[in-house]
Amino acid sequence: MKTVTIALSSLALCLLAAPAYAQETAEPAHMDHSAHADAVRPAPAAQEEATPAASGETVTARVNGLVCDFCAQSIRKVFGKQAAVETVKVDLDNGEVVLGMKKGQTLDDETVGELIRKSGYALVEIKRAGGV
Amino acid sequence: MTFLSYAAPAAACLAWAVLAPVAEARPVSYAGGWTAMQINNGDYSSLHIHYSPTAFDSVGLYTERNWADDIQFTGIQYNRLLKRWNGPSSQGNLYLKLAAGQADPFGSAGPELAGIASFAADWETRRWFTSFETRATDFSGNQSVSHSGRIGVAPYIGDYGDLHTWLMLQVENQPDAAEPVTTTPLIRFFKGVQMVELGYTVETEELLANWIIRF
């Protein structure tokens with residue numbers, strides 16, 4: 001009887017989870033899933049916009065250790081405090097942090113690497129696109 | 001100060017930690033982050049609110065109503081990320097947690113000094129999760145140790161901000177308990193800065209309900 005109770009409880013929990021997941025997949029409008037990434041908002045200095053298009057340089061950092069939303073949130077918070085950063089995206093699928101810089105401003109590689117290390121993660125490489 | 005005056009307390013702390021590791025999820029946040037964690041597992045209900053000055057440390061209030069020992073513990077807890085392994089698609093962590101405060105046994109004597117020490121290890125990808133923790137408590141001379149391990153799988157891989165779901169199995173060993181080994185199937189929901197776990201311990205027929213929020 002106990003086994004049956006446990007099985008039914010587990011089934012009920014799974015059924016409870018399924019509609020929530022279905023809702024997530026059916027209503028993607030609030031997220032930018034085109035690149036499996038998230039536009040970062042909370043930065044005091046960052047603009048609130050639907051797409052992460054920045055007015056300045058785009059810095060893409062490949063980072064090891066990004067496996068969950070808590071990791072992504074850490075990155076968002078740390079880079080969001082940087083005055084030069086306009087937008088932050090965390091792409092968990094590709095392990096990338098995409099920073100949109102304000103026009104005429106940037107962060108050098110050393111600073112990006114140090115901020116990632118201080119966040120608890122490991123920088124692999126940095127790519128830059130767009131001009132300062 | 002002699003060498004022993006430093007070495008003895010350090011060795012005692014280390015031994016205590018090794019004998020007593022704990023296992024909450026990610027007890028350290030980003031620098032400047034606050035976290036509230038609540039655990040209800042039949043043996044105890046606890047609340048831990050901590051602040052992380054760095055991504056490797058956190059400190060905060062820890063209070064626990066221990067139903068098994070019939071004691072209320074209140075103290076300060078320090079958490080340290082001892083080591084992290086960052087892989088291309090995985091992460092492993094070792095944590096040490098130490099708490100000191102007072103335990104208030106209901107009914108009889110007054111509050112006395114008490115402490116908790118735990119050591120936790122985890123490794124996860126976006127699909128798989130494993131963890132182990134050991135927890136030792138000394139509540140007014142009433143000492144106990146427990147060990148627990150978890151395995152989990154995510155039935156689907158969500159993007160950042162989606163609702164993430166994990167199916168997990170927890171096995172716990174409490175040598176002094178009436179049921180020394182218990183198993184708890186549980187489900188974890190994870191969305192943004194919030195995490196909720198719901199489970200059921202088979203042997204003791206107790207519910208598990210945990211949550212974490214970061215801000």
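User: What should I know before reading the model?

Analyst: Residues are numbered from 1 along each chain as its sequence is written, and chains are lettered from A in the order in which they are written. The model is predicted: local features need pLDDT of at least 70, side-chain atom pairs count only at pLDDT 80 or more, and totals for chains, interfaces and linings use all residues.

User: Which residues touch the most other members of the largest nonpolar core?

Analyst: In soluble globular proteins, nonpolar side chains tend to be buried together. A residue is buried if 20 or more other C-beta atoms, placed from the backbone, lie within 10 Å of its own, and exposed if 12 or fewer. A nonpolar core joins buried Ala, Val, Leu, Ile, Met, Phe, Trp, Tyr and Cys through C-beta atoms within 7 Å. Here the core has 31 residues, and V63(A), L66(A), I75(A), V90(A), V97(A) and L99(A) touch the most other members. Helix 2 of chain A gives the largest share, five residues.

User: Which residues of helix 3 of chain A are buried?

Analyst: An α-helix has 3.6 residues a turn, so residues three or four places apart point the same way. In helix 3 of chain A, V112(A), L115(A) and I116(A) are buried. They fall within an arc of 100° seen down the axis, so they line one face. On the other side, E110(A) and T111(A) are exposed.

User: How many residues of chain A are in contact with chain B?

Analyst: Contact means C-beta atoms, placed from the backbone, within 7 Å. 31 residues of chain A contact 36 residues of chain B. Helix 1 of chain A gives the most to that side of chain A, with nine residues.

Notes: Two residues are in contact if their C-beta atoms, placed from the backbone, lie within 7 Å. Helices (H or I, at least four residues) and strands (E, at least two) are DSSP runs, numbered from the N terminus. The arc is that of the directions from the helix axis to the C-beta atoms.
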